[in-house]
Every structure is written in structure tokens, then in C-alpha cells.
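Please keep the structure in view while reading.

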Amino acid sequence: MNSPTPGPARPDARRRSRPGMWLAAVGVALAVGSGVALLAAPAAVPPGPTAGETALAHAEADAAVLAAAAAGLSTSGAAAAPVDGAQQAAARATRVLDLQRGLLAGSPGPVSPTTTAPAATPPADAAGVAEALDTSAQARRRDLGGVDGPTARLLASLAAGQQVQAERLHAAAGGASAPVPPPTAPPAVPSAEPSPSSVPSCNRAGGPSSAGRSSAGEPSAGSAQGSSELATTVRAEQAAVWTYTVLAARSEGAVRAGHLASAAAHASQEDAARAIADASCVRLPADAPGFALAPDAATPASLAALEDSAAQAWSQLVGAAAPQQREAAADGLAAAARRLAPLGITPEEEAFPGHTEARSAASQAPQPSPAASPGG
């Protein structure tokens, strides 16, 4: 039997094959178009420096300029004897600034060179360097609200260290020294009951938000930002008030007056910390009924440790506080640094008031030549 000869494809079969051909063609076109788009896409732009990196770069550039200026001032007229007070203050400032720029040289980066333009070289005299130091410190403080907590803490410590050097140089140049609180009556012994300022009035119009409150509308202890650090700061200031008040009772004359002035200064610092707690809707714990004093509480080393404890508390508070409260916390740190400066502390402690980690890192880092100029 003869096999049937295949005839031409039927029209309906040809029509069924056309959709498949069109789909294949569209797929090829899409693939080619995607490849062209990928080849034509611009390269990804790397992210720029963060606000914290830029702030630290500016701090490093300023510290380098100031270190060179202070070094030049400390060696001017070096052949003359004796070395005057301005030269001594400049030598100390040089060491402090070298420690600061040495630490900042290892700060995370990188940053663009356009962000690190150094400050203008200050006049080659004590007053000019002092003014430049104060300008640098204020620049560090202006950056506090726009960076993360750890960076804010470091910037506030740098600023406090530079403010101390500025005041010392200004005094050496014949300017007025930092004001010292006058002696006052001994502060009242802390009671076990919280003071009215311990409970913030967070229900006032325009006050803090209701975050961190209990269902009854009262601020919840420990729930607001920086509450633990605020409690520590208040406790450190209370311990200082107590210590100086007791030491005043055990002494007389000028020594007693000095202890009373110190107690008054720390009472003011405690009030400042409570004001931050009020603005932050933090309810502080009840005051301690008292503090134990070590047998050597009146020695310079013990008093330096007491003052440094307060400085460390304020430093931690800068890093933990809400951005809008960092400036006030930095004020507290600056005051603590000012009290520490005359107590025979190390250059690292003076360069980084309250910031123990920075001190440790700076003491281990290789330091540039004190007389080196920026970029030299």
C-alpha cells in the first residue's frame, strides 16, 4: 500500500505557531535591551563622609594648626631665662594639642581633602593662640547635635581640653582668669527625699513629649534617653558636695574657704544635671543619705580622683543625652575639666577630660613631632 503523500500544512496550524515566534522575538529584544541598559548605567557613586567623619577631620586639621602655633610660642625667646608664664602655658598646650591630633589622625575616614581645610594660623602671641583655641572649642561644640553619641562625646572632650588651654594662655597673657565661685555657706546635707527638681514637669505646654511616661502620665524612671547617665552624674556631684562639705567642717581658714567654694561649685553642677533631667523627662532616684569618706579624702590625689569621677560622668552623659541636651552636658564637662586642670593631672587627662578611652588610646599611639607644622 502506498503511503499517503504529506500535503501542505493547514492554515490553522501555521496560525498556532505564530504566537510562539512572537514571544521568542520579544524575549530576545528584552534581553538585548537589558544588556545595553546595564552597560550604559553610570558607576555607583561612593557615599560621602558622614557628619561625624567630617567633624573629626575638621577637629584634626584645627588641632594641627594650633599645635604648631603653640609650639612656636613656647620656643620663642627660648634662650632667655627664665621662661615666662606664657611660654609654660604654651608648652603645655602644645603637648595637649599633639595628643589630640595624634588620636584624631587615627579617626575613621577617609574624608575628602576639601573637608579638612585647616583653620587660619593665629597670631604668634599668647592672646592670639588663646582666642584660636577658644574658636576651635566652640566649633567642636557646634557639631555636637549632628553626630552620633560616641563622636559627640569625643568632640565635647576635645572642646573642654582646648577651653582649659585657652583660659590658661589668656591668664598668662594678662587677661582675667576663669571665675571662681565665692565661698558660701555649707550646702544642706542631702536628704533621702527627692528634691522637687527630681520630678520633671513634663505636662507643661511645649514641654517634652509623652514618651517615657507611665499610664498615669508621670515620667517613668529609667525610660527616657540618658536616664542612667543622668543618675550617675547627679550622684557624682552629690558625692563631691558631701566630701567638700565634710572636709570644710574639719578645716579652717583659707583651706575651709576653698572647700566651701568647691562644695558650692559642685552643688551648682548638680543643679545643672537636674535641669537636664527635667528637660529630658527623667525622674531621678532618691538622693543618697550620705557618702563614706576615705581616710585620705583630703589628699591631692584623692581630690583629683573625685573631680575626675565627676568629669567622667559628664562625658558619658554627653554621649547618651538627646542631641538637644548635649550642649548643656558639654557645659558640665567643661566645668569639670576646669576644676581638674590645677590638680596636677597628666597631659592625657588634660587633653581628654572625662574620656578614659581616648586617654588610653592617646597614651599608646605614636605622637608626631610637637614642632611639626600642618602638612609638614
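The model is a predicted one, and with a threshold of 30 Å³ or more the count comes to one cavity. The largest cavity holds about 40 Å³ of space.

Which residues line the largest cavity? Its lining consists of V164, A337, L340, A341, I345, E349, E350 and P353, and by class these residues divide into six nonpolar and two charged, with no polar ones. Two helices, α9 (326-340) and α10 (347-351), each supply at least two residues of this lining.

## Helix α5 and helix α4

Helix α4, which covers residues 126-142, packs against helix α5, which covers residues 149-172, at an angle of about 160 degrees, and the two axes are 8 Å apart. Angles over 145 degrees count as roughly antiparallel, and α4 and α5 are therefore roughly antiparallel to each other. Their crossing is left-handed.

On the α4 side the contact is made by A126, V129, A130, L133, D134, S136, A137, Q138, R140 and R141, while α5 contributes L155, A159, Q162, Q163, Q165, A166, L169 and H170. Sorted by class, the residues of this contact comprise nine nonpolar, six polar and three charged.

## Helix α5 and helix α3

Helix α5 also packs with helix α3 (residues 85-104), here at an angle of about 165 degrees and with the axes 8 Å apart. These two helices, α3 and α5, are therefore roughly antiparallel to each other, and they cross in a left-handed manner.

From α3 the contact involves G85, A86, A89, A90, R92, A93, V96, L97, Q100, L103 and L104, and from α5 it involves L154, L158, G161, Q162, Q165, R168, L169 and A172. The residues of the contact of α3 with α5 fall into twelve nonpolar, five polar and two charged.

## Helix α8 and helix α9

How are the directions of α8 and α9 related? Helix α8 (residues 300-320) and α9 pack at an angle of about 160 degrees, with a distance of 8 Å between their axes, and the pair is therefore roughly antiparallel. The crossing in which α8 passes α9 is left-handed.

The residues of α8 that make this contact are A304, E307, D308, A311, W314, S315, L317 and V318, and those of α9 are R326, A328, A329, A330, G332, L333, A336, R339 and L340. In the contact of α8 with α9 there are eleven nonpolar, two polar and four charged residues. One of the α9 residues in this contact, L340, is also listed in the lining of the largest cavity.

Note on methods: Residues numbered from 1 in each chain as written. Predicted model: local features only at pLDDT ≥ 70, side-chain atom pairs only at ≥ 80, totals over all residues. Heavy atoms only, no water. 1 Å grid on protein atoms, 1.4 Å probe; cavity = no way out; pocket = protein on both sides within 12 Å on 5 of 7 lines; lining within 4 Å. Points joined across faces, edges and corners; volume = space filled by probe spheres on them. Helix = DSSP H or I, 4+ residues; strand = E, 2+ residues; numbered from the N terminus. Nonpolar A, V, L, I, M, F, W, Y, C, P; charged D, E, K, R; others polar. Axes fitted to C-alpha atoms, helices over the stretch in contact; angles between N-to-C directions. Parallel < 35°, antiparallel > 145°, perpendicular 65-115°, else oblique. Left-handed = near helix turned anticlockwise from the far one by under 90°. Contact = heavy atoms within 4.5 Å.
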